[in-house]
Amino acid sequence: MNNLIEKIDDRYKNVAVFGQGFVGLPLSLSFSFRGCNVYGVDVVKDLVDDINRGITYHTEGFEGKSIQQILKEELESKRYRATTDMELALKESNNIIVTVGIPIRNGEHDISELLNCCNVIGKNLKKGDLVVIRSTVIPGTTEEKILPVLEKESNLKAGEDFYLAYSSERIAEGHAFEEFAYMPTIVAGINKESAKRAKELLSIVCKAEVIIASNIKIVETAKVFENVQRDVNIAMVQEFARFTEALGIDIFEVINVANTHKRVKLLTPGPGVGGYCIPNAYHYLEPKAKELNISLDLLKLSRDKNANLPNIMVSMLEDKLLSIGKKIKDCKIGILGIAMKDYSNDDRISPPIEIINILKHKGASVFAYDPVVPTVYDFKVEKIDEALKNADAVMVLAKQKEFDTIDLDYLLESLNKGTILFDTKNLFVRYAEQLNNNGIYVMSI
């Protein structure tokens with residue numbers, strides 16, 4: 001992508017990005033193909049080895065090129081390289097971006113991986129270095145947790161000897177390169193110079209506006225609010241779906257009609273809320289809310305309702321099976337799509353995976369097909385026919401491009417009479433009348 005290379009201030013030429021996952025890798029490559037020398041740092045050796053061989057399973061693209069093509073070109077240019085050697089990357093770089101996440105385990109946040117990363121950064125920090133935190137965090141984390149670690153380990157003073165800023169990550173997987181470039185970026189610093197330096201660095205990648213907020217907590221909080229509002233809206237539309245189901249009308253048509261109003265933008269219901277961002281967002285607010293003695297009842301209710309959606313999906317299928325004289329423990333259930341969202345290869349916090357685990361716990365035989373997700377599971381099959389053949393029920397849980405090409409004739413050939421097709425993605429409902437006429441029971445969400 002040589003046409004994107006630009007003249008870069010020497011202060012921002014060398015960049016280390018910590019974390020080479022769904023955010024860190026495309027961010028690293030975005031700096032690289034614009035002319036920076038980039039170290040992509042990760043603690044997972046197998047991941048680093050794959051990346052350095054040009055292997056990634058991400059489904060990203062930019063300017064007509066896949067992320068695989070971009071990665072190959074940047075490795076060949078030697079502007080980008082992945083490494084597990086954190087000290088080397090810090091020695092060679094004076095701009096450090098951290099994308100290490102805070103996982104939620106059993107409803108509790110675990111900040112240890114982020115702090116361990118910052119501990120190593122602090123031990124190797126040099127005068128004049130810029131550190132930009134891009135992880136989604138509990139509001140207050142940058143100043144209350146990260147800053148003290150960096151200062152203690154480096155014996156340097158933030159805002160004087162080195163610069164510290166926070167910039168929220170706002171991308172949607174599948175659109176990372178485009179949204180890094182054209183989504184407005186928000187940044188704040190520990191002082192004005194830190195914010196200014198971070199803005200100049202991020203402007204290399206962001207061609208939209210880079211907005212400086214008045215303080216770091218505002219950016220940290222706004223990021224979490226952005227995710228939580230989607231969680232609340234999804235919980236709301238799921239209740240709408242249960243209402244329209246009882247009323248005997250199509251929720252998707254209702255939403256299409258309602259969204260003709262210029263000030264209405266309802267989301268569409270699905271089998272659950274997945275991925276690393278939205279399901280975790282409430283848990284990033286809750287600790288600070290407890291500390292401040294603030295109630296988040298509405299947000300907690302929405303999170304609890306969304307967390308229960310996989311159970312609701314299985315209960316709906318189980319009720320339908322019972323209505324035709326079948327017990328779920330005696331059934332073969334085919335699954336189409338195990339990614340956490342449509343057209344993704346990401347199966348972290350995936351509602352389809354949770355649904356599969358519930359089905360298996362109830363004794364069902366599960367055969368799941370997803371042509372993009374690379375993770376190996378004992379229930380995963382290599383061909384779509386293995387999921388559909390002789391299935392008592394088929395659940396469509398995530399869209400993939402291959403599924404978009406499935407037509408009515410294929411469904412009629414592949415599904416037996418008496419099969420339940422539970423289409424939670426509204427992908428095949430357009431064939432409902434013909435399928436029902438051929439003895440295939442079509443369910444929508």
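Predicted model: local features only at pLDDT ≥ 70, side-chain atom pairs only at ≥ 80, totals over all residues.

Reader: How many cavities of 30 Å³ or more does a search of the whole structure find, and what is the volume of the largest cavity?

Author: A cavity is a space in which a probe fits but from which the probe cannot get out. The search finds three cavities of 30 Å³ or more, and the largest has a volume of about 60 Å³. Among the residues lining this largest cavity are R134, E169, R170, F180 and M183, and by class the lining divides into four nonpolar, two polar and four charged residues.

Reader: Which residues line the second largest cavity?

Author: The second largest cavity, which holds about 40 Å³ of space, is lined by residues including F22, H58, E173, Y343 and N345. Its lining has two nonpolar, five polar and two charged residues.

Reader: Which element gives the largest share of the lining of the second largest pocket?

Author: A pocket, in contrast to a cavity, is an open set of points. The second largest pocket contains about 340 Å³ of space, and of the 21 residues that line this pocket, V273, P279, R303, I349 and E354 are the closest to its centre. Two or more lining residues come from each of β7, α11, α12 and α14, with α12 giving the largest share, four residues.

Reader: Which residues form the nonpolar patch on the surface?

Author: F243, L247, I249 and V254 form the patch, and together they have about 380 Å² of accessible area. V254 lies in helix α10 and is partly exposed, because its relative accessible area is 31%, which falls between the cut-offs of 20% and 50%.

Reader: How far apart are the closest N and O atoms in the salt bridge of E153 with K123, and which helices hold the two residues?

Author: The closest N and O atoms are 2.8 Å apart, and the pair links distant parts of the chain, with E153 in helix α6 and K123 in helix α5, 30 residues apart. E153 is partly exposed at 23% relative accessible area, whereas K123 counts as exposed at 53%.

Reader: Why are E193 and R197 separated by about one helical turn?

Author: They are separated by about one helical turn because they are four residues apart in helix α8.

Methods: Residues numbered from 1 in each chain as written. Heavy atoms only, no water. 1 Å grid on protein atoms, 1.4 Å probe; cavity = no way out; pocket = protein on both sides within 12 Å on 5 of 7 lines; lining within 4 Å. Points joined across faces, edges and corners; volume = space filled by probe spheres on them. Nonpolar A, V, L, I, M, F, W, Y, C, P; charged D, E, K, R; others polar. Patch = residues over 30% accessible without salt bridge, like charges linked within 9 Å, V, L, I, M, F, W, Y side chains within 5 Å. Areas by Shrake-Rupley, 256 points an atom, 1.4 Å probe, with all protein chains shown as cover. Salt bridge = Lys/Arg side-chain N within 4 Å of Asp/Glu carboxyl O. Buried < 20%, exposed > 50% of the residue type's maximum accessible area, 1.4 Å probe, protein only.
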